[in-house]
Amino acid sequence: MPAKGALSQSLKQSISSSLDESASVQEKLRHALKQNAVKIMDLFVEWDEDGDRQVSKIEFRRAMAALGFTHSRPHVDAVFDSLDEDKSGYIDFKEFNRGLKGKASPPASPRGGITAPGSQSAGDGAHADAA
């Protein structure tokens with residue numbers, strides 16, 4: 001298995017050059033995974049920092065930052081909430097897999113939404129911390 005964070009780093013370049021500005025986070029991730037032949041399970045394991053087989057909101061925020069997304073915390077949380085189908089506060093692999101395969105509902109786009117690395121956010125341009 002690659003070093004911790006290696007998958008996110010390899011996907012970061014693809015995400016920054018993928019699709020258009022209007023693509024959702026899920027669409028950009030799906031495109032980058034396919035382009036880099038990365039398995040969804042491998043990315044999930046990388047994001048699951050504590051090894052409890054689920055991704056917490058804090059782990060998800062860190063993963064988004066590692067992928068180079070500029071974001072407002074409310075938008076990242078809305079993306080997380082759209083993937084957390086059972087509203088447990090965690091994303092398990094089944095939820096993550098369904099979300100990246102386009103079967104989860106996209107979040108409403110609050111002011112200052114996620115943008116690809118190198119592009120300007122629609123909001124105030126402030127970056128939330130990853131934790």
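The protein chain has six helices and two strands. The model is predicted. Along the sequence, the elements run α-α-α-β-α-α-β-α. Of the 131 residues in the protein chain, 44% are buried.

**Overall build**

- Take the contacts in the protein chain between residues at least 6 apart in sequence: 65% of them join residues at least 24 apart.
- The protein chain exposes about 6900 Å². Carbon and sulfur atoms supply 51% of that area.

**Helix H4 against helix H5**

- H4 covers residues 57–66, and H5 covers residues 73–83.
- The two helices pack at an angle of about 120°. Their axes are 10 Å apart.
- That angle makes H4 oblique to H5.
- The crossing of H4 and H5 is right-handed.
- On the H4 side, the contact uses Lys57, Phe60, Arg61 and Met64. On the H5 side, it uses Arg73, Val76, Asp77, Val79, Phe80, Asp81 and Leu83.
- By class, the residues of this H4 and H5 contact are six nonpolar, no polar and five charged.

**Buried faces of H4 and H5**

- In H4, the buried residues are Glu59, Phe60, Arg61, Ala63 and Met64.
- These buried H4 residues pack against helix H2 (25–35), helix H3 (40–47), E1, H5 and strand E2 (90–92).
- H5 is mostly covered, with eight of its 11 residues buried.
- The buried residues of H5 are His75, Val76, Asp77, Ala78, Val79, Phe80, Ser82 and Leu83.
- Their packing partners are H2, E1, H4, E2 and H6.
- E1 is among the elements packed against the buried residues of H4, and E1 is also among those packed against the buried residues of H5.
- Phe60 is one of the buried residues of H4, and Phe60 is also one of the H4 residues that meet H5.
- Phe80 is one of the buried residues of H5, and Phe80 is also one of the H5 residues that meet H4.

**Helix H3 against helix H6**

- H6 covers residues 93–100.
- H3 and H6 pack at an angle of about 125°, and their axes are 10 Å apart.
- The two helices are therefore oblique to each other.
- H3 passes H6 in a right-handed crossing.
- From H3, Ile40, Met41, Leu43, Phe44 and Trp47 take part in the contact. From H6, the partners are Phe93, Phe96, Asn97 and Leu100.
- The contact of H3 with H6 has eight nonpolar residues, one polar and no charged.

**Val55 in strand E1**

- Val55 is found in strand E1, which covers residues 54–56.
- Val55 counts as buried because its relative accessibility is 1%, under the 20% cut-off.
- Leaving aside neighbours within four places in sequence, Val55 is in contact with Phe44, Trp47, Asp48, Phe60, Phe80, Tyr90 and Ile91.
- Among these contacts of Val55 are Phe44 and Trp47, and both of these H3 residues also meet H6.
- Val55 and Gly89 are 34 residues apart in sequence, and their C-alpha atoms are 8.8 Å apart in space.
- Val45 and Val55 are 10 residues apart in sequence, and they too are 8.8 Å apart in space, C-alpha to C-alpha.
- Val45 is found in helix H3. Val45 is partly exposed, with a relative accessible area of 35%.

**Positive phi values**

- Arg53 is not a glycine, yet has a positive phi of about 65°.
- Arg53 is placed in the loop between H3 and E1. Arg53 counts as exposed, at 70% relative accessibility.
- Lys87 is also a residue other than glycine with positive phi, near 55°.
- Lys87 lies in the loop between H5 and E2. Lys87 counts as exposed, at 57% relative accessibility.

Methods: Residues numbered from 1 in each chain as written. Predicted model: local features only at pLDDT ≥ 70, side-chain atom pairs only at ≥ 80, totals over all residues. Heavy atoms only, no water. Helix = DSSP H or I, 4+ residues; strand = E, 2+ residues; numbered from the N terminus. Buried < 20%, exposed > 50% of the residue type's maximum accessible area, 1.4 Å probe, protein only. Contact = heavy atoms within 4.5 Å. Areas by Shrake-Rupley, 256 points an atom, 1.4 Å probe, with all protein chains shown as cover. Axes fitted to C-alpha atoms, helices over the stretch in contact; angles between N-to-C directions. Parallel < 35°, antiparallel > 145°, perpendicular 65-115°, else oblique. Left-handed = near helix turned anticlockwise from the far one by under 90°. Nonpolar A, V, L, I, M, F, W, Y, C, P; charged D, E, K, R; others polar.
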